[in-house]
Amino acid sequence: MESESEQVALKPALKTLVERVVRETLDVAGQKPEGELEVSVTFVDDRRIHELNRTWRGVDRPTDVLSFPQLEPGAGEPEVSPPSGGPVLLGDVVISLERAEAQAREYGHSLEREVGFLTAHGVLHLLGYDHQDPESEARMLALTEEALSRVGLRR
């Protein structure tokens, strides 16, 4: 996890949880998480994610998570094929820790659950999943819940 002035500090246990959620999300999505694929996860405050949301999506408000994929998956079920000779950077996931804390309170669950959900959601977007219709939204939610279940973050 990179260091920028706009980033917020993470407790070691939360960092470990994020790493586990990334691995499990890649696995439930049919990707090999060990050694071939890389995901950058950065935690920022609401001010910074608002700037990113405005700049990259044209939406002038803070959000909870943004994904910036480096690859363009094809149509259908997303699949990533790393070239031989090194890891593939899938992209960047940026999470507002402020927004995650507020949503955890609002939804009545732990910060760990909310951060796990946002991490899995962001990773799935990197793989090409989206939630533009009820069917694709249900698929994303099912994969997210499976990944969270594997790390002990059940509803």
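Is Glu24 buried, partly exposed or exposed, and at what relative accessibility? In this predicted model, Glu24 has a relative accessibility of 23% and therefore counts as partly exposed.

**View 1. Glu24 and Arg150 form a salt bridge.** The closest N and O atoms of the two residues are 3.1 Å apart. Glu24 belongs to helix H1 (residues 12–28) and Arg150 to helix H5 (residues 134–150), so the pair ties together parts that are 126 residues apart in sequence. Arg150, with a relative accessibility of 37%, counts as partly exposed.

**View 2. Arg150 also meets Asp27 in a salt bridge.** Here the N to O distance is 2.4 Å, and the pair links Arg150 in helix H5 with Asp27 in helix H1, 123 residues apart. Asp27 is partly exposed, its relative accessible area being 38%.

**View 3. Asp46 forms a salt bridge with Arg99.** The closest N and O atoms lie 2.8 Å apart; because Asp46 lies in helix H2 and Arg99 in helix H3 (residues 97–107), the pair ties together parts that are 53 residues apart in sequence. Asp46 counts as buried at 15% relative accessibility, whereas Arg99 is partly exposed, with a relative accessible area of 25%.

**View 4. Salt bridges that share partners join Glu24, Asp27, Glu146 and Arg150 into one network.** A search of the whole structure finds eight salt bridges.

**View 5. Trp56 and Phe68 form an edge-to-face aromatic pair.** The search of the whole structure finds one aromatic pair, with 6.2 Å centre to centre and 75° between the planes. Trp56 lies in helix H2 (residues 46–57) and Phe68 in strand S2 (residues 65–69), so the pair ties together parts that are 12 residues apart in sequence. Trp56 counts as exposed, at 60% relative accessibility.

Notes
Residues numbered from 1 in each chain as written. Predicted model: local features only at pLDDT ≥ 70, side-chain atom pairs only at ≥ 80, totals over all residues. Heavy atoms only, no water. Phe/Tyr/Trp six-rings, centres within 6.5 Å; stacked < 30°, edge-to-face > 60°. Helix = DSSP H or I, 4+ residues; strand = E, 2+ residues; numbered from the N terminus. Buried < 20%, exposed > 50% of the residue type's maximum accessible area, 1.4 Å probe, protein only. Salt bridge = Lys/Arg side-chain N within 4 Å of Asp/Glu carboxyl O.
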